[in-house]
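Visitor: I'd like to learn how to read a model like this one. Could you walk me through it?

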Amino acid sequence: MVWLTGILSGFVLGGFLYVFQQWTAIPVYTLLMNVDYFPVLGSMYLPDWIEISLHLLVSTSVVWVLYLLLKMKKLEQRLALYLLCNGVIGLIIFPTTILSDRTPEIDNIWAWIIWLSGHMVYGFSVWGMLKLGKALKEKR
């Protein structure tokens, strides 16, 4: 269920940022999909489906690592930790915006708000789906 949570929550985050990018013209979805700063990938043209696949791979990896770390401490049911960890990840990733001319400016407060809100929604989605998965497993 953890891998499915990573995929579905990755779509939730991507969808959230895509909608806000369409609504505000602030390229937060572009930032999410951006690979400009990776040496080989940054120089290649990547179709949308490849960018989304890379994002979902990262999302699934994040969910696996976070879930396993929290489970080791018996904290995997705590919503606040998913929100905190994903908020920190969002804070760490946002500054990569300075490495591309296609992404928001580093001082765009609305981009920060949308970006961090999206990561909070993502954290809530991860927590909720993992909780639902556990409940369904226990019901069997």
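**Reading a helix and its fold**

Guide: Let's start with helix H3, residues 48–72: its 25 residues at 1.5 Å a residue should span 36 Å, and its end C-alpha atoms are 36 Å apart, which agrees. The expected span is 1.5 Å times one less than the number of residues. Helices here are DSSP runs (H or I, at least four residues; strands are E, at least two), numbered from the N terminus. This is a predicted model, where local features need pLDDT of at least 70 and side-chain atom pairs count only at pLDDT 80 or more, while totals for chains, interfaces and linings use all residues. Residues are numbered from 1 along each chain as its sequence is written, and side-chain values use heavy atoms, leaving out hydrogens and water.

Visitor: Which residues of H3 are buried?

Guide: Buried means under 20% relative accessible area, with a 1.4 Å probe and protein chains only. In H3 that includes Glu51, His55, Leu56 and Tyr67. Their cover includes helices H1 (2–24), H2 (28–33), H4 (79–93) and H5 (109–139), with contact meaning heavy atoms within 4.5 Å.

Visitor: What comes just after H3?

Guide: Lys74, with a positive phi of about 60°.

Visitor: And how many helices and strands does the protein have?

Guide: Five helices and zero strands. The radius of gyration, taken over C-alpha atoms, is compared with a globule rule of 2.2 Å times the number of residues to the power 0.38. The protein comes out at 16 Å, close to the rule's 14 Å for 140 residues, so it is as compact as a globular protein of that length. Of those 140 residues, 39% count as buried.

Key: Buried < 20%, exposed > 50% of the residue type's maximum accessible area, 1.4 Å probe, protein only.
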